[in-house]
Amino acid sequence: MTYRYIGSKARLVEEIAEYIGTPSNSGGMFVDAFCGTGVVAETAMKLGWPVWLNDHMVSAGIISAARMISTHEANFKCLGGYSEVINILNGLDPLRGFIWREYSPASVLTGDVERRYFTEENAGRIDAIRQQIGLWKKGELITKLEEKLLIADLLSATNRIANIAGTYGCFLSKWQNQATNSLIMLQRELISQPTTVRVTCEDVSNLQVSSHDLVYLDPPYTKRQYAAYYHILETIAINDEPEVQGVSGLRPWQTKASDFCYKTRALDALTNLVVNLDSKRILLSYSEEGHVPIDQLMDNLTQVGSVTPINLMKVGRYRPNKTASMARSTVREYLIVIEKDKLSTVRGEVI
Ligand SMILES: C[S@@+](CC[C@H](N)C(=O)[O-])C[C@H]1O[C@@H](n2cnc3c(N)ncnc32)[C@H](O)[C@@H]1O
């Protein structure tokens, strides 16, 4: 499953894999501390690592964890199997629930704004499917992992028919073709063997990793706050009915405002994070477009150990609007390898 997600490393993951390598015998985990879509953690899992997924957004943890669920863990035995469950969900009648009320044109019935994130039909289908998943879980007809898998499938289905230009920061005024298609749940391919996965939904500063863990850090690097840009996915994942605000119908997100998104705080936040992690080896992804210039970041990080910058390939720029489209089309991405137990503080040159 691919997602359009700001900062996704889908196109860089093969290069990053070279620096992840295979797990040592010391029993450490691969900690994807800002897991987002989980594409990097999935690669580590394929390399044999036990994986720890963390993100302060519930939706990100679910999307990531669903990549690591095996056929044994999601056989849906009480409901006749995965494909039967997908058929049932696709056959439900739309419901006039929260998503219909707030994020389809029906929003104008209860407020001042006609929101066009979804057609009324698709919004009602999201409501019906999300309600059914909750009822199955409550009635113990599906397990926790099966529930996660179905929510992740619903988030994928939602992304395919959302009337947006990549994020849920705003909806488009004209209906795009994809938004007029019917929402359809698709069965994904599951992995064949269960694997060790831990999932947490914490602010990254709360993670207590061990010295043997390999920690991968992929923090936000611009002012775009994920909690605001993906607010509807978060609401579908949590399944609550928050009081929403403004034209976009934002759920309260300020408690998840990330320090890494503020130009004035990002350097200190990154440095403190690396200094306070107990892990001996840390991989840090950063972009030349980030708030913190790479040279300055390198200068600060040399205080913790040996620091090597790797120049990854150039990736296409995320284009949320016309101004960005007119700017350069590619951006250079870096992977900074930090080895804490080496006392040498030889500074690698950014090449
Ligand atoms: C650049 S994205 C990660 C992308 C991911 N590596 C991928 O390939 O899909 C950054 C992620 O960090 C999360 N995040 C931002 N601030 C955080 C914080 N303080 N603690 C934990 N997660 C945070 C965001 O929700 C977002 O999913």
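Predicted model: local features only at pLDDT ≥ 70, side-chain atom pairs only at ≥ 80, totals over all residues.
Helix axes here are lines fitted to C-alpha atoms, over the stretch in contact, and the angle between two of them runs from 0 to 180 degrees between N-to-C directions. Keep that in mind.

The average pLDDT over the protein is 93. Of the residues, 91% score at least 70. Where does pLDDT stay under 50? Look at residues 343-351. For that stretch, the model has 15 contacts beyond four places in sequence.

Now the first pair. Take α7 and helix α10, which covers residues 231-238. They pack at an angle of about 150°, and their axes are 10 Å apart. Angles over 145 degrees count as roughly antiparallel, so α7 is roughly antiparallel to α10. Their crossing is right-handed. Which residues of α7 meet α10? They are I151, L154, L155 and T158. On the α10 side, the partners are L233, I236 and A237. By class, this contact has six nonpolar residues, one polar and no charged.

Next, the other neighbour of α7. That is helix α6, residues 120-138, and α7 itself spans residues 144-161. The angle for α6 and α7 is about 175°, with the axes 10 Å apart. That makes α6 roughly antiparallel to α7. From α6 come N122, I126, I129, R130, I133 and K137. From α7 come E147, L150, I151, L154, T158 and I161. What classes does this contact hold? Seven residues are nonpolar, two are polar and three are charged.

Third pair. Helix α1 is residues 13-20, and helix α2 is residues 39-46. They pack at about 50°, again with axes 10 Å apart. How are α1 and α2 oriented to each other? They are oblique. The crossing of α1 past α2 is right-handed. V13, I16, A17 and I20 are the α1 residues in the contact. V39, V40, T43 and A44 are their partners in α2. By class, count seven nonpolar residues, one polar and no charged.

Last stop, the ligand. How many residues surround the ligand? There are 20. The closest are G7, F34, G36, T37 and S258. Sorted by class, the shell has ten nonpolar, six polar and four charged residues.

Definitions and conventions. Residues numbered from 1 in each chain as written. Helix = DSSP H or I, 4+ residues; strand = E, 2+ residues; numbered from the N terminus. Parallel < 35°, antiparallel > 145°, perpendicular 65-115°, else oblique. Contact = placed C-beta atoms within 7 Å. Nonpolar A, V, L, I, M, F, W, Y, C, P; charged D, E, K, R; others polar. Near = placed C-beta within 6 Å. pLDDT = per-residue confidence, 0-100. Left-handed = near helix turned anticlockwise from the far one by under 90°.
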